[in-house]
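Here are my notes on the model you sent over.

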Amino acid sequence: MAAAGQRLILAFDYGTRRIGVAVGNELLRSARELAPLTARDGIPDWNKVEQLLKEWQPDLLVVGLPLNMDDSESEMSKRARKFGNRLHGRYGKPCVMVDERGSTREAKQIARDAGHRGNYREESVDGIAAVLILEGWFAHQEGLPDGRAIY
């Protein structure tokens, strides 16, 4: 495992139909989206998750936690937390949950600004949301106020 500050990180934007994925380098503080994972009622193809982990060999996993605006947990945040727990349990990698409020809205705005036509089922923004989650984690590590907290 790489030392803190030099880790490779995979980030996930949990969803019931798709799970956005991004990879990032802690040293460079950069992230890029990868192809989303398809999910059936929130359950991914674990073989594809395992392939991702073998390909990228991350040192840390980051999962977005969709809290309500009053900081309470929603049904979706409970499911995202369960997904994070399963990632840790299956693969033994450290996994942190990151407040992701607003990431999907921000991802849609970024996509619209880049010419997205608005059919998010056909052209997902889940990867962009995963990048935003990871960039929020980087900012938190640097002590920058970005509105995202670690849980």
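The points below go from the overall layout to the salt bridges and then to one helix pair.

1. First, a caveat: this is a predicted model. Please read every distance and percentage here as something computed from predicted coordinates.

2. On the overall layout, the protein chain has four helices and six strands. Following the sequence, they come in the order β-β-β-β-α-β-α-β-α-α. The chain is 151 residues long, and 42% of those residues count as buried. If you take the contacts with a separation of 6 or more, 64% of them are between residues 24 or more positions apart.

3. Now the charged pairs. How many salt bridges does the structure hold? The count comes to five, and I'll go through some of them here.

4. Take Arg-7 and Glu-26, which form a salt bridge with 2.8 Å between the closest N and O atoms. The two partners come from distant parts of the chain, 19 residues apart. Arg-7 sits in the segment before β1 (8-13), while Glu-26 is in the loop between β2 (18-25) and β3 (30-40). Are these two side chains in buried or exposed residues? Arg-7 has a relative accessibility of 13%, so it counts as buried, the cut-off being under 20%. Glu-26 has a relative accessibility of 4% and therefore counts as buried by that cut-off too.

5. Next, look at Asp-126 and Arg-18, another salt bridge, where the closest N and O atoms are 2.6 Å apart. Asp-126 belongs to helix α4 (residues 126-141) and Arg-18 to strand β2, so this pair ties together parts that are 108 residues apart in sequence. Asp-126 is buried because its relative accessible area is 13%, whereas Arg-18, at 21%, counts as partly exposed. If you list polar contacts, you will also find the side chains of Asp-126 and Arg-18 joined by one of 2.6 Å.

6. While you are at Asp-126, check what surrounds it. Leaving out residues up to four places away in sequence, Asp-126 touches Asp-13, Arg-18, Ile-19, Gly-20 and Val-21.

7. A further salt bridge joins the side chains of Arg-81 and Glu-73, at 2.4 Å from N to O. Here Arg-81 is partly exposed, with a relative accessibility of 26%. Glu-73 is partly exposed as well, with a relative accessible area of 31%.

8. On to the helices. How do α1 and α2 pack? Helix α1 (residues 46-56) and helix α2 (residues 75-91) meet at an angle of about 65 degrees, and their axes are 12 Å apart. The crossing of α1 and α2 is right-handed.

9. Which residues make that contact? From α1 you have Trp-46, Val-49, Glu-50 and Leu-53. From α2 the contributors are Phe-83, Arg-86, Leu-87, Arg-90 and Tyr-91. Sorted by class, the contact of α1 with α2 has six nonpolar residues, three charged ones and no polar ones.

10. If you only have time for a quick look, I'd go back to two spots. One is the Asp-126 and Arg-18 salt bridge, with its 2.6 Å N and O distance. The other is the right-handed crossing of α1 and α2.

How values were computed. Residues are numbered from 1 along each chain as its sequence is written. This is a predicted model: local features need pLDDT of at least 70, side-chain atom pairs count only at pLDDT 80 or more; totals for chains, interfaces and linings use all residues. Side-chain values use heavy atoms; hydrogens and water are left out. A salt bridge is a side-chain nitrogen of Lys or Arg within 4 Å of a carboxyl oxygen of Asp or Glu. Helices (H or I, at least four residues) and strands (E, at least two) are DSSP runs, numbered from the N terminus. Buried means under 20% relative accessible area, exposed over 50%, partly exposed in between (1.4 Å probe, protein chains only). A polar contact is a pair of N or O atoms within 3.5 Å; within protein, one must be able to donate a hydrogen and the other to accept it, and residues adjacent in sequence count only if both atoms are side-chain atoms. Contact means heavy atoms within 4.5 Å. Axes are lines fitted to C-alpha atoms, for helices over the stretch in contact, and angles run from 0 to 180 degrees between N-to-C directions. A crossing is left-handed if the near helix is turned anticlockwise from the far one by less than a right angle, and right-handed if clockwise. Ala, Val, Leu, Ile, Met, Phe, Trp, Tyr, Cys and Pro count as nonpolar, Asp, Glu, Lys and Arg as charged, and the others, Gly among them, as polar.
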